[in-house]
Amino acid sequence: MVDTHCHLYDEAFDTDRDEAVERAVTAGVDTLLLPAIDSNSHSRQEALASAYPDVFFQMMGLHPTSVDDAFEKELAIVQQKLFAVDSPVRYVAVGEIGLDLYWDRTYFEQQREVLRRQMEWASQLSLPVCLHVRKAYNELFGLLRDLNQRRYSGVMHCFGGSVQEALRAVEMGFHIGIGGVVTFKNATLAQVAAAVPLESILLETDAPYLAPVPYRGKRNESAYIPVIAQKIAELRGVSVDEVAQVTTQSAQVLFGL
């Protein structure tokens, strides 16, 4: 199986990172995708990917919560890395990028501009995007409408919208990232996981955040992907093997793995 979104380079894994990788591989999760946050995380991300080149694949982008008045400097770094001709790194997506209005709207216009540019770079490079959207689905769909791309390629990671918003995203070409929240009691994400086509679902952890039940409240890790797959299988009335097979194939095709 593929964990399409995890931050195993995070400081939360500094004491047992190698063991966490081993636990994931032992659990059958042998492909892990690393989204970028900002320039402060790049060196840690790159070091981990270099240590396990057959396990980790990298994304590059500027996270919306890292956007402030100095966003041009950060964007220039992302652009340089994405378009570097002689780089040994192959990025599988532009991400994670998006809109986040959970805390405040202070830098909303800057977030819009940063997202718009990175979406255009992804289009130029024929790469999918990994979208982080929090309390901003209406704003995101408005921006996507303005961009007016014929069809989009990517994933709405850690999806937090309604069933209707999920189906709208799928219709536009996006996959839906399903993580540990799907196991939470009364989670809207459970309805989403049951409603969208299985071919449009990707498994993810967002480790170290949002661990599934029965690990809720503890550090999340990629080894818990089978727990998420099991819950999706229950919701859809299919086997875990089918969920694993279909979601893995979707991830391989989308990210060119």
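With a relative accessibility of 0%, C6 counts as buried, a label given to residues under 20% relative accessible area, with exposed meaning over 50% and partly exposed in between (1.4 Å probe, protein chains only). The model described here is predicted, so local features need pLDDT of at least 70 and side-chain atom pairs count only at pLDDT 80 or more, while totals for chains, interfaces and linings use all residues. Residues are numbered from 1 along each chain as its sequence is written, and side-chain values use heavy atoms, leaving out hydrogens and water.

The structure holds zero disulfides, a disulfide being a pair of cysteine sulfur atoms within 2.5 Å. For C6, the nearest cysteine sulfur is that of C130, 11 Å away. C130 is likewise in no disulfide, and its nearest cysteine sulfur, that of C158, lies 9.9 Å away. At 1% relative accessibility, C130 also counts as buried.

Turning to the sheet, eight strands form an open arrangement in the order β1-β2-β3-β4-β5-β6-β7-β8, with parallel pairing. Strands (E, at least two residues) and helices (H or I, at least four) are DSSP runs numbered from the N terminus, and two strands pair if DSSP finds at least two bridges between them. At the edges stand β1 (2-3) and β8 (201-203), each with a single partner strand, so one side of each has no neighbour in the sheet. β1 is joined by two bridges to the parallel strand β2 (residues 31-34), where T31 stands opposite V2. Helix α6 (residues 163-172) packs on the sheet and touches β6 (154-157) and β7 (174-178), its direction making about 135° with that of β7. Contact here means heavy atoms within 4.5 Å; axes are lines fitted to C-alpha atoms, for helices over the stretch in contact, and angles run from 0 to 180 degrees between N-to-C directions.

Leaving aside residues up to four places away in sequence, Q111 touches P64, V67, G98, L99 and D100.
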